[in-house]
Amino acid sequence: MTVSDDRNTLIRGARVLGAEAQDVLIEGGTIAAVGPGLSAPDAVVVEADGQILLPGLVDLHTHLREPGREDSETVLTGTRAAAAGGFTAVHAMANTFPVADTAGVVEQVWRLGRESGYCDVQPVGAVTVGLEGRKLAELGAMHDSAAGVRIFSDDGKCVDDAVIMRRALEYVKAFDGVIAQHAQEPRLTEGAQMNEGVVSAELGLGGWPAVAEESVIARDVLLAAHVGSRVHICHVSTAGSVEIVRWAKSKGWNVTAEVTPHHLLLTDELVRSYDPVYKVNPPLRTEADVTALREGLADGTIDCVATDHAPHPHEDKDCEWGAAAMGMVGLETALSVVQHTMVETGLLDWAQVADRMSFRPAAIGRLGHQGRPVSTGEPANLTLVDPAYRGVVNPVGFASRSRNTPYEGRELPGRVTHTFLRGRATVVDGKLA
Amino acid sequence: MKRHLISAADLTRDDAVLILDTAEEMARVADRPIKKLPTLRGRTVVNLFFEDSTRTRISFEAAAKRLSADVINFSAKGSSVSKGESLKDTALTLEAMGADAVVIRHHDSGAPHRLATSGWIGGSVVNAGDGTHEHPTQALLDAFTMRRHLAGAPDGGPTRHGEPGDSSGRDLAGRRITVVGDILHSRVARSNVHLLTTLGAEVTLVAPPTLVPVGAGNWPCEISYDLDAVLPKSDAVMMLRVQRERMNAAFFPTEREYARRYGLDADRMARMPGHAIVMHPGPMNRGMEITAEVADSERCTAVEQVANGVSIRMAVLYLLLGGNEPAVGAPIARTEESK
Amino acid sequence: MDSISSPHAAPARSVLEGPDIARVLTRIAHEIVERAKGADDVVLLGIPTRGVFLARRLAAKLDAITGRSTQVGSLDITMYRDDLRLRPARTLGRTEIPADGVDGRLVVLVDDVLFSGRTIRAALDALGDIGRPRAVQLAVLVDRGHRELPIRADYVGKNLPTSLRETVRVQLDEEDGRDSVLLGVRETPAPGE
């Protein structure tokens, strides 16, 4: 792919996890040395003065759309976008066409990921056949396949039947799996278009009450506790959800949760424009929710940031609100949004960013070779960030096939300058290798 | 400067009074032998209706025709729209046909806003009702009707004997308006809350709690669950239609119970002040939100509202299209030129 | 084509004052009675804004002469203008036709200043949509010339030859708090000229 395939790389003067400057030598696929004043005569040198070196980012929640909706994204374009955003591993959600509810489909996605070469693709398996919520998919077969699926989710739909959810939680214990729940009580969200509150009342858009999310989370943490399973909560979006997860964790229950970058920054006030670029599931909430989510991520109640990267073709957003698809692309802006909302507000330092965007998501997904410390002998999955960079988001430059970003025209800090996947550069000087 | 009428919230008090005053002049045209003005000759108005609403469509059509505009009716039924053509492509078609104004009725809240701001078309957009969002011309004709009755006497007070009077230049300061019914799904209620408060009225919404939107507590009005307590303090009572499809969605137990608690019958009407009027945007569910006796009484302005709708829509079309730029929201030329 | 003074206008010179205006209106009233042979079927229609006040004053004078109550109303011509698209939409004036209508009657249109003639053209169109008078005549307080259409006044308070750089401004007590006709000079062309 690049010259660094064959040659070693010396990253000079990077602040490892935001600490003082070090040199990092990459040999083959591993970190050969970390320390001051390293030298390697044959190595490609990356001058990283003032830049932050992080473990390669891991996304628990990515929609790669292949198979079925290659018009919006493919595994190749999606992993290129991931690499550009500093990710070395993504979890591909199961709501493809066909649904990733069999060993065959998850293996196909896994293989496409390996061929792409831009980042690791770990398929997520569907919990129920066809995401229909009625019959368990062959969870064991997906786990036993080459893809080695550990995370199961009907994301996009909620596993709302309490018995199905209970059985799924119990069943995946056999292979240390986890159910990632898209918490959305379906009856309470019939016709829902945006967060239910002051803005929805004014705009006359169908309300999506916070309780529709919170009631499912409350049920599922209780279920997980009852059967002794672990449960993961996708894209937590309300202050109440944060409270419930905090309470569950205080009980010592095995509950983890993620938050998306957009829920850390954007509020339902933006919907006043009726611009469907702000239409997303779960919906943008209020300022109070944003504050609670940031606090929850800072204090560890929320384990990680996950993008919920949801590419859609232009025509699915260039229409009236009611007809538009839900979702936003996020891989290429995630780290910038986290720097803006969490680092520059003093809520997280860079070591904690590494924790929330690499260590913890990798641990939840049980990815052995991702989310590892930046130290000698570890796999060289690394991301180099220039935190001083300031730029206006322009989706024309995206590697993703889709452009549905809510940040177009917005100035955000930080830029991924280099990404290394097992020692090989996938991004060099801010450009895909 | 505004080129569109999307939300009643966009209108200032002066804008609103200008529209009502202009409508007063338009209303006089209806009394003449030739009910037509040459004003919008050569202009094209498209009625783009994604939802069936014959009443609203013919009202806009009559308004545009009385101003000599060319009218094109584009209904979603039987057109390419129902075959999956997007709002955007429909808009581009209308633009290519040279529409100076698009009057749009759409089942999705925000569709007119989207049409006006997306750059798909260059003409003016008039919201003729979008989803459960707004219906600004309905609110304007309601305000027009109220003003004639409640501020139509020579002293600016209510008229006697139910006769509408000349209220030009006036607003609705201090008038107490009660809106009763399905507030949650009502675009009429939303537009009326904005417009009537802009005109100085005090608005009270009355509904069972299931039919009040979460978040309505921030609206500039009172909310009550008790119709009987509000009636004696009302200068106008507007009864909203309860859609049949709400009846099986657990918003209230039965039609009978709804009518008993929130319907307007003769007994309740008798508790209203002598000058107070009963309004209904139509079509009425007689026996549900309003009894036949009330609907047919002299205090009910439902039929008058329909007539006023044409005058209001003439005024809106004139103010948006009758110059080189719209007058609503823009400074009005008051010069006397070309004597 | 603005006949009122702009902020850039030079100080205006008064060419008619209150007593002059009253006198010419009296004269016009007598002329109307004379030409209409008693004026019993006359309907005076003032063109908003100042033409309406002039029409009412004329009606009062006709009443005094004839001893009858003269029919008077107003005729707004805004929606009949030929220059609607040159300016933002204009505020409408009031049209008030006397209850007996205009059919078969002698309508005298009343305006303050006669200039291009376009207002009167519009007024004739508007009148045609209201009814069919026996005849239509025109009374103006000031005729300043520069006609752009084949229109002339039947009754003129004062002929006032002007240049196009000059402005003629009529002030009436009902609207302006005083009666006068002011002649000024425009320093900069008005927009639209």
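What follows is a short exchange on helix packing, the nonpolar core and the annotated spans.

Tutor: Keep in mind that this is a predicted model.

Student: Why are α2(B) and α11(B) called oblique to each other?

Tutor: Helix α2 (residues 54-66) of chain B packs on α11(B) at an angle of about 55°. Roughly parallel requires an angle under 35 degrees, and roughly perpendicular begins at 65. The pair therefore counts as oblique. The two axes are 8 Å apart, and the crossing is right-handed.

Student: Which residues make the contact?

Tutor: From α2(B) they are S59(B), F60(B), A62(B), A63(B), A64(B) and R66(B). From α11(B) they are G309(B), V310(B), R313(B), M314(B) and L317(B).

Student: What makes L317(B) stand out in the largest nonpolar core?

Tutor: That core has 292 residues, and L317(B) is one of those that touch the most other members. Helix α11 (residues 302-321) of chain B supplies the largest share of the core, 10 residues. Leaving aside residues up to four places away in sequence, L317(B) touches L40(B), V45(B), A63(B), A64(B), L67(B), A69(B) and A101(B). Contact here requires C-beta atoms within 7 Å.

Student: How is the span of residues 107-119 of chain C described?

Tutor: The span is 62% strand and 15% helix, with its end C-alpha atoms 16 Å apart. An unreviewed UniProt entry annotates these residues as "short sequence motif: PRPP-binding".

Student: Where does UniProt place the Asp/Orn-binding domain in chain B?

Tutor: The unreviewed entry places it at residues 174-320. Over that stretch the chain is 35% helix and 14% strand.

Methods: Residues numbered from 1 in each chain as written. Chains lettered and ligands numbered in written order. Predicted model: local features only at pLDDT ≥ 70, side-chain atom pairs only at ≥ 80, totals over all residues. UniProt positions renumbered as here; feature names shortened; annotations may be inferred. Helix = DSSP H or I, 4+ residues; strand = E, 2+ residues; numbered from the N terminus. Core = buried A, V, L, I, M, F, W, Y, C linked by C-beta atoms within 7 Å. Buried ≥ 20, exposed ≤ 12 C-beta atoms within 10 Å, placed from the backbone. Contact = placed C-beta atoms within 7 Å. Axes fitted to C-alpha atoms, helices over the stretch in contact; angles between N-to-C directions. Parallel < 35°, antiparallel > 145°, perpendicular 65-115°, else oblique. Left-handed = near helix turned anticlockwise from the far one by under 90°.
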